[in-house]
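Hi everyone, thanks for making time for me today. Please have a look at it first.

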Amino acid sequence: MQIRQQEAAQTQPGVSELFFASLVASALVYIAGALVFSGISFLGTRTGGFFAVLQSLAMFASVGLIAATMLVFLVVAPLGTALGLAMLKVSPPGWWQGPITGALVALTLEALVLALFATEPLQPEWGNVATLAIPVALAMVAGAIVQQRVLCWPDGS
């Protein structure tokens with residue numbers, strides 16, 4: 001039993017690997033989110049849907065990219081690293097660690113943004129639900145991809 005724990009401890013990703021994985025997952029979520037929300041802006045307009053998509057993509061590629069890069073290095077990657085380390089310590093190795101960690105990061109960031117910037121309670125409308133659910137779903141997928149392709153954790157997955 002003790003030998004198995006030592007082997008698992010030796011093969012676990014370290015802080016630098018988790019930080020890099022958080023950067024990769026953040027990039028995946030940002031790119032996929034930009035495409036999803038641009039598609040929603042296309043479907044949400046009756047006229048000029050193509051220009052709404054172009055405007056949305058231009059925002060994501062300019063000001064959004066600058067702000068997102070700063071936030072990823074200062075907030076998201078350290079949070080992902082901390083939650084990833086906590087997940088490695090409190091749970092046995094499993095395929096679900098990446099998706100759960102991604103969801104926890106997304107939910108923590110959403111709660112932080114709502115606590116800091118929401119001026120009134122959110123109404124349970126489909127638009128609000130989608131706006132909150134899409135980043136969580138994308139973070140879960142990115143967490144799974146990063147766990148399997150970047151970290152190759154656990155061994156053999």
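Here is a short tour of the model, from the overall fold down to single residues.

First, some ground rules. This is a predicted model, so to speak of local features we need pLDDT of at least 70, and side-chain atom pairs count only at pLDDT 80 or more, while totals for chains, interfaces and linings use all residues. Residues are numbered from 1 along each chain as its sequence is written, and side-chain values use heavy atoms, with hydrogens and water left out.

Now the overall picture. The C-alpha trace spans about 65 × 30 × 25 Å along its principal axes. Of the 157 residues, 28% are buried. Buried means under 20% relative accessible area, exposed means over 50%, and partly exposed is in between, using a 1.4 Å probe and protein chains only.

Next, how do the axes of α2 and α3 cross? They come within 8 Å, at roughly 155°, and therefore the two helices are roughly antiparallel. The axes here are lines fitted to C-alpha atoms, for helices over the stretch in contact, with angles from 0 to 180 degrees between N-to-C directions. Angles under 35 degrees count as roughly parallel, over 145 as roughly antiparallel, 65 to 115 as roughly perpendicular, and the rest as oblique.

Compare helix α4, residues 63-90, with helix α5, residues 97-117: their axes come within 9 Å and cross at roughly 135°. That pair is therefore oblique. As for handedness, α2 passes α3 in a right-handed crossing, and α4 passes α5 in a right-handed crossing too. A crossing is right-handed if the near helix is turned clockwise from the far one by less than a right angle, and left-handed if anticlockwise.

Staying with α4, A86 lies in that helix and is partly exposed at 35% relative accessibility. Its C-alpha atom is 9.2 Å from that of T101, 15 residues apart along the chain. Over in α2 we find V24, which is partly exposed at 24%.

Let's turn to the surface. Which residues form the nonpolar patch? They are F42, L43, F50, F51 and L54, with about 600 Å² of accessible area together. Patches take residues with over 30% relative accessible area and no salt bridge, joining like charges within 9 Å and nonpolar side chains (Val, Leu, Ile, Met, Phe, Trp, Tyr) within 5 Å. A salt bridge is a side-chain nitrogen of Lys or Arg within 4 Å of a carboxyl oxygen of Asp or Glu. Accessible areas come from the Shrake-Rupley method with a 1.4 Å probe, and for residues only the protein chains shown count as cover. Both α2 (15-43) and α3 (49-61) supply at least two patch residues, and α3 gives the most, with three. L43, in α2, is exposed at 72% relative accessibility.

Finally, the segment after α6 (126-150), where P154 is found. Most residues other than glycine have a negative phi, and most peptide bonds are trans. Yet a cis peptide bond joins W153 and P154, with omega about -15°. C152, also in the segment after α6, has a positive phi near 50° and is partly exposed at 43%.

Terms used. Helix = DSSP H or I, 4+ residues; strand = E, 2+ residues; numbered from the N terminus.
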